[in-house]
Amino acid sequence: MKRIILSLTVVLCSLAAMAQNPQFFRSMGETLGQYSTCKSVADFQSLGNKFQMIANVEKNEWLPLYYYAHCYILMSFIDQADAAKKDSYLDVAEKSVEKLIEMVPTESEVYALQSFYYTARLVVNPVERGHKFSRLSNQAIGKALKLDMTNQRAQLLKIQGDMGSARFFGKDPNTFCPQAADLLANWDNFKPKSPIYPVWGKDQLESIVKGCQ
Amino acid sequence: MKRLFIYLFFCTFSLNAFSQTVISGKITHDQGEALAGANVYLQDSYDGVSTNESGAFSFKTSKTGDAVLIVGYIGYEQIMRKIELKGDTIHLNINIKEKFNQMNAVTITAGTFEAGDKRQAITITPLDMMTTAGAVGDVYGALQSLPGTSTNGESGRLFVKGGDSNESQTYIDGSLVYVPYNSSVPNLSTRGRFNPFMFKGTIFSTGGYSAEYGQALSSVLLLSTNDMPTEDQLDLSLLSVGAEVADTKLWKNGAITGSFTYNNLAPYMGIAPQNYDWVHPPESGTGAISIRQKTGKTGMFKFYTSMAKSELIVKQANPNADGDLFNYNLANDNYFMNGTWNGKIGEKLAMNIAASFTHNSDCIRYDTVSVDQKTVGTHLKNVFTYPFTEKFTLKFGGELFSKTYSQNALIPSGIHFNSFSNHELSVFTEAQIYASSKFITRIGTRIENSDYLNSLKISPRISAAYKLTDNSQFSLAYGWFYQNPLDDFLLYTHHLNLERADHYIFSYQSSINKRTLRVELYYKDYKDLVKTGNGAIYFPSTYSNLGYGYAGGLDLFWRDNKTIKNGDYWISYSYLDTKRNYENFPKEAVPTFASRHNLAIVYKHWFSGLRSLVSLNLKYSSPRVYNDPNSPVFNGAKMLPYRSLDLSWSFLYRKNVIFYGAVTNALGFKNEFGRQYANTPDSGGNYPGIAITPQSNRFYVIACFITLTKKGNANQLDKIN
């Protein structure tokens, strides 16, 4: 109930914005609603297609492009294809991230996405790329957190990165568990700036916290 | 829950169904295969849909009048189709074509090994340079595990496809490095001057290269230095043979790195057994500065300068003095500078300006001989690249090589001072044409004029590649390659002409799922090589360009990092058939540096639990020939085969601390590189000879690399870009 009221408040607050462009918000809302049903590469591709379509109409809005890039990053994780194919998805994400940084250079979420993108590049070939892309990913998180200390996705990615590196170097990743639990406990208190603002990450965080127990 | 709520909320707005047009159809690609996941939508509208698994789509729109239907798919040409919406049904079948993309298109691989940091379609990566056993951190050492090369332990330099080591040139960021190797004593192995960590990419061309590169009969090694560093850092390297400290500072759009390296083999040679008696083991110091500055949106300026000093004294046997040992004293001073600017002029025209300066002097004292030699070289180069279309690119430019070489020799017969200066002006142009993403042709010409030799040469170059399937292709290359005769000849005369080699290369490459096979056949026709009359170098009047020769062979390369989990191996084999009649050869014969069979098997394994990369490198070269003056057959004597098993181990202790250990020739195979003979026979009519042995049977290195950054402080993390 509390969540519904919260959402309602948020929605009402954004009504002014929506009134200027109801179709944009409606389409974004519809498309975002389909995120949870996406499982396969094809699912995310058609979802990405929708965001691309919206991005092409709303050239001044950064969020469609943000989700478009996000879909392609997820595709690189899901697809069991060869490295070249994964890289071709990430080439799409790279271009969009670059454009996003140009559009909204002070938006913390964009750097969190950039960090996510770098991690995806790393995962394609950890042995060759581990060193370079873990550094780049860390730097992007640093930027995201500098712009907004409360950015949940940046915090999540930081915990994930720290745990991964602890595991790699034979240290105890569970030292980061309290941080993860803390972030999860406060996750729902976060108020997105608008109903279409990024909120993803809770599932990943939940599985991290579950893994801690 | 929230999403659902928002969704419901929005749905109330969408009850506006009036007259609707239904647009449906099927999207296919290339030969008519169904394309799933293509994006089909109306321009500037929210109406659209993705195609299903059979390529079909169908959606409604309430728009009316003229509209543009867009069909897009990653990696394919976007289609824009005008349609008229009249409230009825539109059925469309559209075929879309794969977008031409140079990244995915066929590349010319004849003779070329390329290493970058992003693409997969490469055979050798920069990491390989550091982690291949036997390379021991030497750029040239790493290349000696590739086909077309051989390991000549008495030299350490690159010998490519039947070419001598001086037939290869090294370029850094487009400009020539006149003295790429450390100075060394005759018959002892040397290393490259540059740290492989400086480079982000490497193109090693073993023949048939672009018209942009001249003055090399056999091969060019193109090294490109790292771009902008990402953060302030201090790098410390401690090795069993020396130490290096490098500090990097960043500013807005720029960075500077200063480094100092000190190497001294004395402590190492005190422990490890050596085949030679060192009076002053090799000791060297190098200071280097490198600067990066971004200019404008696309431009990048890079500058590198280094000053190095080295000294060594080793006892060497003199076959002309009954094999007595004399001190061989070598002191070297090297100053090198290299600058480059890359950027765009306007929208399309790309320009690269590169310049290098080398000042190198060697002082040699041996027995009664004292030789001081000096090379002063500059290279200026300007290249323009203009893409008329995605498929047609024209490259053109010019360069000026200037070189002065002088030698002051104090020998028992007196003082001899000789020097020469040569200015070589060259222009080149090259067109790169893609007929499709499957077929590429590169045609170029190079014209060079040497003032010292008073000669003008034109070299045509052509290469082409054709993609047979998605994973395999073949390429061809043909060209004329010119190079000035050796400095040691030019010192005494300018009545010589450039030497020439014609290359014919056929190459097949197939890469499937992290497995690469490469087969290359080649033939090199050497012409106009310098002949020195009857064995004597000091009679320039007998010099001519009447030498000739050939080299032909087969290179095989197989790399697989799929079959063994966490394992990666490659096998490189080269077969070489070559003969020459040049320099002081009395007849056509196999040259000393050529071995018929060369094999390298490299295996690397990543032990994730130990965070260690372990590498093994087994090398074999069949016996090479050398000349025994006691035998009637010229170059008829055979050396031992070269065999070596090299091991290396890299251990990632912390994110910023790496331990490294390596041993070359772990099994202690006996290697010997022929014999050196006296100029005159002894009283019994025999020419006394001395075996040429490697510096030591095994070589060990241990090292620790530490990188310090200001981590943990978020404010320091954003310095990138």
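Biologist: At what angle do helix H8 and helix H9 of chain A pack?

Modeller: In this predicted model, H8 (residues 126-147) and H9 (residues 152-168) of chain A pack at about 145°, their axes 9 Å apart. Helices are DSSP runs of H or I, at least four residues, numbered from the N terminus. Axes are lines fitted to C-alpha atoms over the stretch in contact, and angles run from 0 to 180 degrees between N-to-C directions.

Biologist: Which residues make the contact?

Modeller: From H8(A), Ser137(A), Asn138(A), Ile141(A), Ala144(A) and Leu145(A); from H9(A), Ala154(A), Leu157(A), Lys158(A) and Gly161(A). Contact here is C-beta atoms, placed from the backbone, within 7 Å.

Biologist: And the numbering and cut-offs?

Modeller: Residues count from 1 along each chain as its sequence is written, and chains are lettered from A in the order in which they are written. Local features need pLDDT of at least 70, side-chain atom pairs count only at pLDDT 80 or more, and totals for chains, interfaces and linings use all residues.

Biologist: How many helices and strands does chain A have?

Modeller: Chain A has 11 helices and zero strands. Its C-alpha trace spans about 55 × 40 × 30 Å along the principal axes.

Biologist: What share of chain A is buried?

Modeller: Buried residues are 44% of the 213 in chain A, buried being 20 or more other C-beta atoms, placed from the backbone, within 10 Å of a residue's own.

Biologist: Switching to chain B, how is that divided?

Modeller: Into domain 1 (2-96) and domain 2 (112-715), with bounds from an automatic or database domain assignment. The centres of those chain B domains, taken over C-alpha atoms, are 57 Å apart.

Key. Helices (H or I, at least four residues) and strands (E, at least two) are DSSP runs, numbered from the N terminus. A residue is buried if 20 or more other C-beta atoms lie within 10 Å of its own, exposed if 12 or fewer, and partly exposed in between; C-beta atoms are placed from the backbone. Two residues are in contact if their C-beta atoms, placed from the backbone, lie within 7 Å.
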